[in-house]
Amino acid sequence: MMTKSFAEAVENRRSIYAISEESLISDERIEELVSHAIKHTPSAFNSQTGRVVVLLGEKSKRLWQITEDTLRKIVPAENFDSTAQRMAAFGGGYGTILFFEDIAVIESMQNQFEAYKENFPVWSLQSSGMLQFVIWTALEAEGFGASLQHYNPLIDEDVKKEWDLPSSWKLLAQMPFGRPLMAAGEKEFQPVEDRLKVIK
């Protein structure tokens with residue numbers, strides 16, 4: 001069970017970039033949270049296209065070293081210090097969660113349901129977004145800080161090669177997490193009444 005209410009966890013889920021390599025719960029508990037999210041996050045036609053890789057400890061650091069090495073090839077040297085600092089911060093956490101969608105399953109669904117062919121890639125992204133949110137919120141409820149990063153597709157092939165992942169898995173996002181070292185900054189909110197219509 002979550003240690004916070006759902007509403008509190010949703011409200012408190014923020015992008016936290018300063019994280020330490022300390023874990024607040026067991027690896028088994030992390031796996032339990034992620035497994036629960038994978039099982040119960042909805043997907044169109046129950047297609048279950050989401051795939052997740054959890055990298056802990058040195059494996060997480062290795063991901064961010066791969067990312068740094070990749071970026072070093074394309075970011076001008078005079079501008080690289082800030083990039084290296086970001087990679088060190090992400091790699092300084094306890095773990096990183098990689099979010100993929102299985103293109104083979106999406107294509108299979110397109111072949112089965114021709115009338116909805118154009119929708120399945122869109123529905124796949126919607127399902128992945130929900131999965132990312134569920135896992136992020138679950139981590140927050142356990143006291144972790146996390147953020148969502150997008151260094152794909154630059155690192156896709158190296159990541160698949162490093163961990164021998166199926167070629168049909170498409171990387172969508174990376175979520176480094178760890179014990180938060182500082183709180184998130186202030187966040188501005190647009191008036192809800194400008195964004196919501198209730199029609200009775």
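A salt bridge (a side-chain nitrogen of Lys or Arg within 4 Å of a carboxyl oxygen of Asp or Glu) is formed between R179 and E22, whose closest N and O atoms are 2.5 Å apart. The pair links distant parts of the chain, with R179 in strand β5 (residues 169-180) and E22 in the loop between β1 (19-20) and α2 (27-40), 157 residues apart. Helices (H or I, at least four residues) and strands (E, at least two) are DSSP runs, numbered from the N terminus. The structure is a predicted model, in which local features need pLDDT of at least 70 and side-chain atom pairs count only at pLDDT 80 or more, while totals for chains, interfaces and linings use all residues. Residues are numbered from 1 along each chain as its sequence is written, and side-chain values use heavy atoms, with hydrogens and water left out.

Solvent accessibility was classed as buried (under 20% relative accessible area), exposed (over 50%) or partly exposed (in between), with a 1.4 Å probe and protein chains only. By this criterion R179 is partly exposed at 30%, and E22 is likewise partly exposed at 40%.

R29 is buried, with a relative accessible area of 17%, whereas E32 is partly exposed at 47%. Both residues belong to a network of salt bridges that also includes E142.

A further salt bridge joins E68 to R72, the closest N and O atoms being 2.7 Å apart. Both residues are located in helix α3 (residues 58-72), four residues apart, or about one turn of the helix. In this pair the glutamate, E68, is buried at 15% relative accessibility, and R72 is partly exposed at 47%.

Strand β3 (residues 95-102) is largely enclosed by the rest of the structure, because eight of its eight residues are buried. In a regular strand the side chains alternate between the two faces of the sheet. In β3, G95, I97, F99 and E101 point one way and T96, L98, F100 and D102 the other, and all are buried.

Strand pairing was assigned where DSSP finds at least two bridges between two strands. Strand β2 (residues 50-56) runs antiparallel to β3 and is joined to it by seven bridges; V54 has I97 of β3 as its bridge partner. Strands β3 and β5 are also antiparallel, with eight bridges between them, and F99 stands opposite A173 of β5.
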